[in-house]
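User: Please take a close look at one part of this model, the place where the two chains meet. Then set it in context.

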Amino acid sequence: MADLKSNFIGIKSPNPFWLASAPPTDKEYNVRRAFEAGWGGVVWKTLGSEGPPIVNINGPRYGAIWGADRRLLGLNNLELITDRPLETNLREIKAVKRDYPDRAMIVSLMVPCEEDAWRAILPHVEETGADGIELNFGCPHGMAERGMGAAVGQVPEYIEMVTRWCKQYTRMPVIVKLTPNITDIRKPAEAAMRGGADAVSLINTINSITSVDLDIFAPEPTIDGKGAHGGYCGPAVKPIALNMVAEIARSAETAKLPISGIGGITNWRDAAEFMALGAGNVQVCTAVMTYGFKIVDELISGLSQWMDEKGVTSVDQIVGRAVPNTSDWKDLNLNYIAKAVIDQDKCIKCGRCYAACEDTSHQAIAMSEDRVFTVKDEECVACNMCLNTCPVEGCITLEQMAVGEVDPRTGKEVVAEHGDWTTHPNNPSCLTLQ
Amino acid sequence: MTHSSATNGIVANRVSPQQLADNFSDLHGPLDDHEAQVAADRCYFCYDAPCTTACPTEIDIPLFIRQITTGTPEAAAKTIFSQNILGGMCARVCPTETLCEEVCVRETAEGKPVRIGELQRYATDKLVVKGEHPFTRAASTGKTVAVLGAGPAGLSCAHRLAMLGHGVTVYDTRPKAGGLNEYGIASYKSTDNFAQAEVEWLLSIGGITMQCGASAELADLQARHDAVFLGIGLGGVNSLRAEGEDKDNVTDAVSFIADLRQADDLSKLPIGRRVVVIGGGMTAVDAAVQAKLLGAQEVSMVYRRGKENMSASEFEQELATSKGVHLIYNAAPLRVTGNGSVAGVEFGYTQTVDGKLEQTGETFSIAADQVFKAIGQTLLNVPEGLMIEGGKIAVSDTGATSVKGVWAGGDCASGGDDLTVTAVAEGRDAALDIHASLSR
């Protein structure tokens, strides 16, 4: 069986599954239960400076988006960093780490953007025996209004500065958690790297309003008639997170920067995908908030089985495996020709592919009187929309045309050579080069 | 006096009042909001959906289900009613397993269709129970139409005509409107006096005058109105053509079903200890199941052909067996025995040879103190001058009879199955044709 042991920037854990800094890691009670359930590590919910703790709202903190059967697809939260005294958290962190020495204990931090504030808190954290710290530069609401969280994460210079302070004042590894609420994720990652960060973790939550109460005309969740944007997470944000992880992993400047992947990871497959795109480990929150700690059993069994099937013996061997295949659009092979094929035995004749293709795509599906749906190869551009709307998995597939065959749509022979936009005759800049 | 299932003869009060209430409660209780959401979530919103095509009234089923999922069941109800004004009753009595649900792509995919009938009930109940009527009448056309028969066809026709601005008078010989919805449907399919509530709701469009308990002559109606629609149903019942059929306690299943529906107190309704129902349609099932529910000890339903030929659906057959009805196939009645009153029925086994039903020569007898005949209904009291085709009033696709100015629809008219939903479609389409004719 595959060995799931993880060593992320020198922090060891029995598996690469950590709980992200969030409500599930807010206190000793939760974290002990998470460790008993089998989680490899936790990032303790963000601590603030000494003194009176912050206060949370007492109305609804979460908003949600649901799919079929009310399956939670996206979660929006208005919760702030821990609202418990610093001393209590530190005492609990120390106790838990003492009892679970094999698990990763990372402490998330967010203090004012002043050198003294960071210098003051770091020794206290170090004293707990924690394995590392994560700098919360991502929290998009509340704390950002006070010049912390995303307010720091959106300014690369601040990221670099604070990271440098932390590296200066502690021996612990420093992970910088990035906000996705920026235009180019590589800039803050580069800043963290310049500041000496050992790793980045991403993504934090995305600014969001989940819905609007149409009776009182206020965003939801609504607190006494008003709503504020929150941070969006859960399965819905996974594609955004995957891209941002890949952007950092395949950028020459940050290619060597370790990444802890976060964003909608719900099952082993999601975890494997993040790792394939360059994440050294992953952090989970919404999935446990939806289903409880027990999902880690499936994460472990699924990843192990897949690794065994792939003949892979350690998680390091899968990290970044998909990075070389992640390219720019201009490098995609325009000579690759595929056509959609509908398996008539699997087809249940719902006609959704037809509606999608006929109404919105390329009019490349024919419908007979008796509801037999077939692809018109002479029209099909293999856009994949039929496959994406088909309710039956595996019913519609895209099949590559063989070299030498003639594409009935273009009348051109399929060639073996790679041909992309950079060399395409229609590309004006390509013409310039000639 | 209290009796049990084992009490001899035909007696009332075989089961406790509580048990009776349970037995005759809704076959399918209404879906609550959550159940409706879960059920509606399963609809794939098919293109040119097979369910809609399979519905005789062509309700836009994917649309109404989508309207349920988006929290607007009232809009869903309007989608249904715009095609089928008796969508509430149809949701209860349609054999969906042989119509919309049979062709649902999820039946194809998983053997479990979307629960279309129950979702239709969920949506339509929202409006009917609230008493909200979603349609308004067009300006009066000054034309009047007579509708003969207040059953599904007649009511559907009347409503559409009223909506289009015509004045409608509906005549029915029975004291209550509704036709088979009121008199011919198993009680557990339409509880809480729904048929009357639905009629009242339907009439709230206005412009319809009801003349129940009144008979009318076609010639007179033709003279007094601009058009006439006949929705008179099938008034006659086929006979067994078996010896001894005239013995006491051999009656029509339709009368039994009507008596049941009209009974104020089911505990006063007598039922035999041993009941035999002869026939293979929905009427036979409704009679057999209800005999069992009233407390009969043994109920046999005997059909002269095989299971596959039975017009009662698979679902109806399973319902009957689940209630304890003994289904016997391939047996035809030879004679009814007994001295004055029925004591038993002798059957001969049948087989089909070269497409013809024959006796095999083997016989058997079933003891019975009550026999219900459910072997089909026939057209009675057809006004003179109308062309008849296959025992029914001959009509065009839009319900026009051979006589100018007279339309017909529902069970009395040719074409289509004898189903409530088919009658509704025919009544509606005839109304549209009448409207077109009157607008010329």
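**The interface of chain B and chain A**

Across the interface of chain B and chain A, the rule finds zero salt bridges. That rule asks for a side-chain nitrogen of Lys or Arg within 4 Å of a carboxyl oxygen of Asp or Glu. Polar contacts do occur: five residue pairs, both at pLDDT 80 or more, are found across the interface of chain B and chain A. A polar contact is a pair of N or O atoms within 3.5 Å; within protein, one must be able to donate a hydrogen and the other to accept it, and residues adjacent in sequence count only if both atoms are side-chain atoms.

On the side of chain B that touches chain A, helix 2 (33-41) and helix 8 (105-110) of chain B each supply at least two residues. Helix 8 gives the most, with three residues. Helices (H or I, at least four residues) and strands (E, at least two) are DSSP runs, numbered from the N terminus. By class, this side of chain B has nine nonpolar, one polar and two charged residues. Here Ala, Val, Leu, Ile, Met, Phe, Trp, Tyr, Cys and Pro count as nonpolar, Asp, Glu, Lys and Arg as charged, and the others, Gly among them, as polar.

The model is predicted: local features need pLDDT of at least 70, side-chain atom pairs count only at pLDDT 80 or more, and totals for chains, interfaces and linings use all residues. Residues are numbered from 1 along each chain as written, chains are lettered from A and ligands numbered from 1 in written order, and side-chain values use heavy atoms, without hydrogens and water.

Now the extent. In all, 12 residues of chain B contact 13 residues of chain A, where contact means heavy atoms within 4.5 Å. The two chains bury about 990 Å² between them, 62% of it on carbon and sulfur atoms. In chain B, B:Asp41, B:Tyr44 and B:Tyr47 lose the most area to chain A, together 59% of what that side buries. Buried area is the accessible area (1.4 Å probe) that two parts lose on being put together, summed over both.

Finally, chain B as a whole. Chain B has 17 helices and 19 strands. Its C-alpha trace spans about 65 × 55 × 55 Å along the principal axes. Among contacts in chain B between residues at least 6 apart in sequence, 71% join residues at least 24 apart. Buried residues (under 20% relative accessible area, 1.4 Å probe, protein chains only) make up 52% of the 440 residues in chain B.

Terms used
Buried < 20%, exposed > 50% of the residue type's maximum accessible area, 1.4 Å probe, protein only.
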